[in-house]
Amino acid sequence: MDPSAPDSTRHGVAGIAATATAAVAFAACLVGWRTGGGAVDWPWVPALGLRLDLAFDGLGALYALLATGIGTVVFAYGTAYLPRHLAHEHRPAGDARRFWPWMVLFMGAMVGLACARDLILLFVFFDLTAVASYFLIGFDRNKREARGAALMALLITGVSAVALLIGAVLLYDEYGTFELTALFEAARPTTNTAIASALIAVAALAKSAQVPLHFWLPRAMAAPTPVSAYLHSAAMVAAGVLVIGRVHPLLARSDVVLDGLVVVGLASIVIGGLIALAQDELKQILAHSTISQYGYVVVLYGIGGEAGLGGAALYVLTHAIAKSALFMTAGAVTEATGESRLSHLGGLRRDLPVLAVASGVAAATLAALPLTLGFFKDELFFKAAEGEGPALQVLAVLAAALTFAYIGRFWLGLFTGRRRTAAQPIPALLVVPIVVLAVVAVVGGVFVRPFADLASEAASVTYGSALSAHPAYHPDLRAENVMALSAWALGVVLLLLPRVLASVAAAVARAGDLLGPRRAYRGALRGINQLSHRLHDLEVRDLRTSLAAVLVPGGALIALGFAVTPTAGAYSVGPIEAGDIPIIALLLLAVAAGVTAARDPGRLRPVLALGVLGFALAAVYAAIGAPDVALVAVVVEAILTLVFVGVFSRLPRTAGRRRGRWRARRNVIAGIVAGLGAFATIWAALSRPASEQSVAETHIALADEAHGGDVVTVILADFRGFDTLVEITVLAVAIIGVAALLRRGRPW
Amino acid sequence: MSVVLEIIAPRLLGPAVMVAAAIIVKGYADVGDGFSAGVIVATAIALRYVVLGADRTERGLPILRRAPIFIAAGLLLSLAVASIGPLRGQPPLTHVPAAGEHVVHLGTLELITAVAFDLGVFLLVTASLVVLVHNLARLTERARS
């Protein structure tokens, strides 16, 4: 018996649970969609205008159904794929627990993103998908390639997500709300609004891997196949166009932004499509195809209007179904043959007939052949292009021809021709999900109605009023049909000229490498790394530098502040009364202790002197009537002294090292700068008693009403309770940090 | 370490916990809060670490092993109290009973959610400091061996 067998069964449960979760979520979304959805609006921090505004409307339904539906299918595939993958990589089956939680979290974040109607909420879910994708793309963390790819995806999509946040803040600054429905009503076509919406669009385009921020997606193919089939077809890249669909009325305030979308989309279609033609790795072909396909969606959003928005929604739906099936095909083929390059594969239709048919349907869907759902996506695309004049019409046909050619090359190369690598049998669960998606695509090709309904409802949300995008078969020579026919014809021609095509595509790929943005990314990363190394050397080389890094700039900033503010009356010396004498005595004790701590060369005596200093100050607090502060000072001082003594008593004895003269003098200078700064600040603060309308008065008055006798405690637990909550959270996070640094993440 | 300390250190935890309990119970009406109470208990535990070493301390007080759980529990308790307000349609950290309403007293203890919040802070602060001291002790011991 294999000793790990019960173990692997146990880890298989996680995958099955994830699949079941996705299936239940899908069913819930389906019910929610059919019963008309619903909305939650809960102002959780009203003072900052933050609301939990979630609506399961048409747009939410479309993307939530995609995230859960494709999720169910891909998760099922993953339950068969992941154990094999882990075995190939010689990793324990238990590593599955590093996989499934992130997949489920990703699905949850996608559903949340789909329903969010608040810009801050959009940002939060947007980043949540980025974080989950980081761990999923970098799942094979023993591979340098995978780690680099994960970091690149996180940086490109995460840094550009900051643009979304900046856009949101700009809009809040102008209209005083983060809520999209309110923004749509209030927004005027001003430059500020245009800049804000352009920033949001940048974040969305980076997420959808559009030129020139597309290069993270091909690298992200280092991820295991289920991740690609989910994130890089239906989820992560779809998050970008989802945001565009959600904020489209804002983008539509500016023609420049919309035209920018069309240009970026067309560039992505052409560049992605051409490079896809030249790739040899199966997943690379599909990754570049994704760049190109989301280019279509971006173009449709740029065109806007009923045709454009309806087309965009149906396009996302169709593409997600087809592309995840194709990614899973690539994974299944690689599992069966051990080969992932198209030039080493061929003739697999005899070994894998079911897979050949199912993925053939998926490829036909992407190529927009009739009797598949894909036909309608192109019909709407051509219809939208038709309204924009002949130039866009020609480009649309070229784009569709490119798609036809590269996906034709992919499928024909895999399943026809001479058999180059023999295929081993693979488990049914690696094929069934693809068949399911193929059946959905064919059903959609015959009964397009429910799919068109879903897309129309989503587009209505984007459009702001009801619209209906209902494609159908029209057996006549209308423009859409002519364009489709010419696209197929051109695609066949492209397929028959492989050599010309390959050289063109290779030239594009080379040009992209030479002046491409990937080079800029690498350069920027290296530069930032060097800068960080320098700062590190300056700041945290040893304890001394890290203290100086805080104290010296602090003192210098205070000096600067005093230089530019008028200081008349800021430094007054008050009278000394009889009651002040105990305080003065305590302060003199503190000064003596401070001098001892600074001058004593020993180890334990300075610590004890510091303790004396602290207790003296605590006594001062008690004397001037601040018992709460005094209590905290006493207990903190006690535990700090104790820990110091405990650590120092265990350190090995070392002979006192002679410091260089320059270093000794540098310490003195740093101490004087910091000390003078603190001295000046405290004197100035004490010279100006707090104004009469201090918040303290209100707090004291209210404390009684809040059932408190001790004002400080009431402030901590009630009036400023939110601060306390955040502070203890920071404390918990700091402990996690300590555990991570000292004990490699073990909590104990 | 001196014999006197070795005898006193383990016996200080009881009084420290008593003081902490008194501070929390009286906290809302008198000086002191969950933070001070937590540091007092942690000081007593830290004294044991310093005097007896990490191994003997943790063998004598197996509950210390659960410190990470107490951190989470304290945070969750505070969060739970904070979310009572939103659940009742009020801003977070609105305490029950509200201002001006009648409060049940058990001796000096006021039954008010603010005290529960303070208890969460106490748990988190105590357990965090224990984890820190534990890590420091293990670190210095590793450095010595």
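## Before you start

Residues are numbered from 1 along each chain as its sequence is written, while chains are lettered from A and ligands numbered from 1 in the order in which they are written. Because the model is predicted, local features need pLDDT of at least 70 and side-chain atom pairs count only at pLDDT 80 or more, whereas totals for chains, interfaces and linings use all residues.

## Chain A and its domains

Let us begin with chain A. Its domain assignment, which is automatic or comes from a database, gives domain 1 (7-524) and domain 2 (691-748). Between the C-alpha centres of these two domains of chain A there are 45 Å.

Helices here are DSSP runs (H or I, at least four residues), as strands are (E, at least two), and both are numbered from the N terminus. Helix α21 of chain A covers residues 517-539, 23 residues in total. From first C-alpha to last it reaches 32 Å, close to the expected 33 Å, a value found as 1.5 Å times one less than the number of residues. How many residues of α21(A) are buried? The number is 0, so α21(A) lies largely in the open. A residue counts as buried if 20 or more other C-beta atoms, placed from the backbone, lie within 10 Å of its own, as exposed if 12 or fewer do, and as partly exposed in between.

Helix α18 of chain A (residues 449-463) contains Arg449(A). Arg449(A) is exposed, with 11 other C-beta atoms within 10 Å. Its C-alpha atom is separated by 9.0 Å from that of Ala472(A), 23 residues apart from it along the chain.

## A look at chain B

Chain B has 6 helices and 2 strands, arranged along the sequence as α-α-α-α-α-β-β-α. Its C-alpha trace spans about 60 × 30 × 20 Å along the principal axes. Of the 145 residues in chain B, 43% are buried.

Two residues are in contact if their C-beta atoms, placed from the backbone, lie within 7 Å. Among contacts in chain B between residues at least 6 apart in sequence, 74% join residues at least 24 apart.

## Where the chains meet

Here 41 residues of chain A are in contact with 50 residues of chain B. On the chain A side, α25 (627-650), α28 (711-719) and α29 (721-743) each supply at least two residues. The largest share, 14 residues, comes from α25(A).

The chain A residues on this side divide into 27 nonpolar, 8 polar and 6 charged. Nonpolar means Ala, Val, Leu, Ile, Met, Phe, Trp, Tyr, Cys and Pro; charged means Asp, Glu, Lys and Arg; the others, Gly among them, are polar.
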